[in-house]
Amino acid sequence: MELTPVLARPSLMGRLWPLVAVAVFAPLALLVVLPSVLGLQRYVVTSDALGNSVPRGSLTFAESVPAPDIEVGDVITFRPPGTPADAPYVTRRVVRDTPDGILTSGDGTGTDPWVLSPTGRHSRVVAHIPYVGYPFIAGVRPTMWVMLVSVPMLAVLLAVGADVGRARQRRRITRHRDEPPVTDS
């Protein structure tokens, strides 16, 4: 009788790591590298001013455009005039363009108290991804950090547990195969 070796299948972890790498690094590349290559800035919306059109926690991508190119209805991100340089950015909709400046407002709220400069450049939002920015405003919602860390950890623990179970089963089968057959004497 001739024995043919059976090639061992890669373990679950061996098959899982490439998928985990793609699942982690592909979105990072899309959210970090690609916008930079395209010349876009990234901002996280931290208020509910724009309601469902650009909800809190959205990651926005904005292009820098000259103020005269801003139109009524555009969504822009800026630091309110008269605030310190480290003040948070706000994202608002343009409601009026006057010779004195640009007036903004949140959806369903009144006009903001400031007037933006009609010259210079402003960041016009070209796209947004809802809820992706929540990990960056975790101070607002700390449970997001817990979920961000615990879900991948649970997936890895389950994969390791399944891999350990398979290894035990293979050892058991090998041990039984190597034992001499029991004969009645």
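Visitor: Is Phe78 buried or exposed?
Guide: Happy to start there, with the reminder that this is a predicted model. Buried means under 20% relative accessible area. Phe78 has 6% relative accessibility, so Phe78 counts as buried.

Visitor: How many aromatic pairs are there?
Guide: Rings pair if their centres lie within 6.5 Å. By this rule, the count of aromatic pairs is two.

Visitor: What kind of pair do the rings of Tyr43 and Tyr89 make?
Guide: Good one to work through. The centres of the Tyr43 and Tyr89 rings are 5.0 Å apart. Their planes meet at 55°, so the pair is tilted.

Visitor: How many residues apart in sequence are the parts that this pair ties together?
Guide: Tyr43 belongs to strand E1 (residues 41-44). Tyr89 sits in the loop between strand E3 (75-78) and strand E4 (90-98), so the separation in sequence is 46 residues.

Visitor: Which residue lies over the face of Tyr89?
Guide: Here we look for a charge within 6 Å of the ring centre. At 4.2 Å from the centre of the Tyr89 ring, the residue over its face is Arg79.

Visitor: What are the rings of Phe78 and Trp114 to each other, stacked, tilted or edge-to-face?
Guide: Their centres are 5.9 Å apart. Planes over 60 degrees apart count as edge-to-face. With planes at 75°, the Phe78 and Trp114 pair is therefore edge-to-face.

Methods:
Residues numbered from 1 in each chain as written. Predicted model: local features only at pLDDT ≥ 70, side-chain atom pairs only at ≥ 80, totals over all residues. Heavy atoms only, no water. Phe/Tyr/Trp six-rings, centres within 6.5 Å; stacked < 30°, edge-to-face > 60°. Helix = DSSP H or I, 4+ residues; strand = E, 2+ residues; numbered from the N terminus. Buried < 20%, exposed > 50% of the residue type's maximum accessible area, 1.4 Å probe, protein only. Lys NZ or Arg CZ within 6 Å of the ring centre and 35° of its normal.
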